[in-house]
Amino acid sequence: MAGFPLKIPPQINRLILLTLGIVGSYLIARYFLTPATFGQYGWYRGAALEEIASRTPVYAGKLACDECHSEKLEMLAKGKHQTLSCEGCHGVSSQHAANPDILPVKMAGSHCIRCHEQNDSRPTWYKQIVVKDHYAGKCRECHMPHNPTEVPEEPQPADQAAKEEKQKPESPEKKPGAVEKAGKAEKAEVP
Ligand code: HEC
Ligand code: HEC
Ligand code: HEC
Ligand code: HEC
């Protein structure tokens with residue numbers, strides 16, 4: 001029977017010392033490494049808020065476009081693309097909004113498929129198309145980008161497709177908006 005004081009076996013002594021060493025060095029490290037403003041508002045560095053707020057915004061936001069392109073905002077708000085931001089399609093445009101001489105970056109190719117190409121990881125409510133089974137032709141021949149369920153009356157002047165067509169010889173049955181991709185099945189029926 002062990003009397004008093006308790007006789008601690010040496011291996012337990014070593015374990016206690018080791019534990020004290022680990023906990024002690026943790027407490028010392030925590031004292032020196034915790035940033036000054038940690039916990040000021042919550043479980044994060046208080047100064048981080050100021051740092052983030054002091055960054056220059058990259059995107060101008062929809063309202064910045066309202067001044068000069070209000071008709072586009074109205075059009076967008078009416079159609080199925082109402083939830084999209086202007087700059088989601090046109091790219092960062094804050095420089096342009098401040099100085100209209102600097103035009104937004106010109107979009108190349110079909111940026112529509114970035115969002116609408118069939119992809120199983122997208123939610124089912126999201127309208128998706130299998131591009132090669134969808135109607136042949138440029139998306140903008142049949143969908144107004146700012147109101148995609150509307151059909152454009154004529155190819156947009158800024159339209160890349162229109163520019164390409166101008167270089168080709170005129171075909172007699174060429175109609176604005178008609179699909180004229182040679183070789184592809186003409187299943188396009190403009191609604
Ligand atoms: C101070 C007025 C002004 C503001 C604000 C402004 N724009 Fe413009 N924007 C213009 C002018 C002027 C043009 C050139 C004329 C035209 O083609 O309509 C233009 C042209 C454009 C074009 C066509 C570019 C091209 O290559 O033809 C796009 C796209 C555009 N703006 C997007 C935006 C977006 C997005 C915003 C908001 C972030 C915005 N603009 C804010 C004045 C403005
Ligand atoms: C779904 C993508 C999409 C969204 C969202 C979008 N645009 Fe566009 N926008 C286009 C496309 C595509 C064109 C035609 C190609 C081009 O000119 O670069 C275009 C053209 C333009 C033009 C040139 C004039 C014209 O009619 O061709 C302006 C100005 C413009 N958009 C402004 C805006 C503004 C302002 C917003 C936000 C209210 C906006 N766009 C939202 C895709 C979009
Ligand atoms: C940034 C992502 C994005 C881009 C880019 C985009 N769309 Fe959309 N589109 C959406 C969302 C979100 C909706 C609304 C949800 C829905 O109905 O699927 C939508 C809806 C539509 C619809 C209506 C579907 C319906 O009947 O309800 C059509 C058509 C469409 N887009 C065509 C286009 C075309 C053409 C382009 C290129 C000019 C384009 N979209 C570019 C996100 C995008
Ligand atoms: C020749 C005309 C034509 C062209 C070109 C075209 N579409 Fe369509 N699109 C339609 C018609 C018509 C509908 C509605 C009826 C249907 O779904 O078949 C439609 C429907 C859609 C829908 C909604 C699908 C759904 O499930 O309701 C999306 C998204 C779409 N198109 C995107 C695009 C994109 C992106 C492009 C370019 C790659 C494109 N379209 C090219 C005519 C066209």
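Guide: We start at ligand 3, which 18 residues surround. The closest are Cys112, Cys115, Lys127, His143 and Pro148. Helix 4 and helix 6 (113-116) each give two or more residues to this shell. This is a predicted model: local features need pLDDT of at least 70, side-chain atom pairs count only at pLDDT 80 or more, and totals for chains, interfaces and linings use all residues. Residues are numbered from 1 along each chain as its sequence is written, while chains are lettered from A and ligands numbered from 1 in the order in which they are written.

Visitor: What makes a residue count as near a molecule?

Guide: Its C-beta atom, placed from the backbone, must lie within 6 Å of the molecule. The largest share of the ligand 3 shell, three residues, comes from helix 6.

Visitor: How do you know what counts as a helix or a strand?

Guide: Both are DSSP runs, numbered from the N terminus: helices are H or I with at least four residues, strands are E with at least two. The chain has eight helices and two strands. Their order from the N terminus is α-β-β-α-α-α-α-α-α-α.

Visitor: What is the make-up of the ligand 3 shell by class?

Guide: Eight nonpolar, seven polar and three charged residues. Nonpolar means Ala, Val, Leu, Ile, Met, Phe, Trp, Tyr, Cys and Pro; charged means Asp, Glu, Lys and Arg; the others, Gly among them, are polar.

Visitor: Why is isoleucine 113 called partly exposed?

Guide: Buried takes 20 or more other C-beta atoms within 10 Å of the residue's own, exposed takes 12 or fewer, and partly exposed is in between, with C-beta atoms placed from the backbone. Isoleucine 113 has 15 such neighbours, so it counts as partly exposed. This residue is found in helix 6. Its C-alpha is 8.8 Å from that of glutamine 128, 15 residues apart along the chain.

Visitor: Which residues are closest to ligand 1?

Guide: Cys65, Cys68, Cys86, Ser93 and Pro100, out of 17 that surround ligand 1. Helix 3 (62-78), helix 4 (86-90) and helix 5 (94-98) each give two or more. Helix 3 gives the largest share, five residues.

Visitor: How do you know whether helix 3 is straight or kinked?

Guide: Helix 3 has a kink of about 120°, centred on histidine 69. The bend is the angle between axes fitted to the seven residues ending there and the seven starting there. Expected span is 1.5 Å times one less than the number of residues.

Visitor: How does helix 1 compare with its expected span?

Guide: Helix 1 (residues 10-33) reaches 34 Å, close to the 34 Å expected for its 24 residues. Zero of those residues are buried, so helix 1 lies largely in the open.

Visitor: What makes strand 1 and strand 2 a pair?

Guide: Pairing requires at least two bridges found by DSSP. Strand 1 and strand 2 (residues 44-45) have two, in the antiparallel sense. They form a hairpin with one residue between them.
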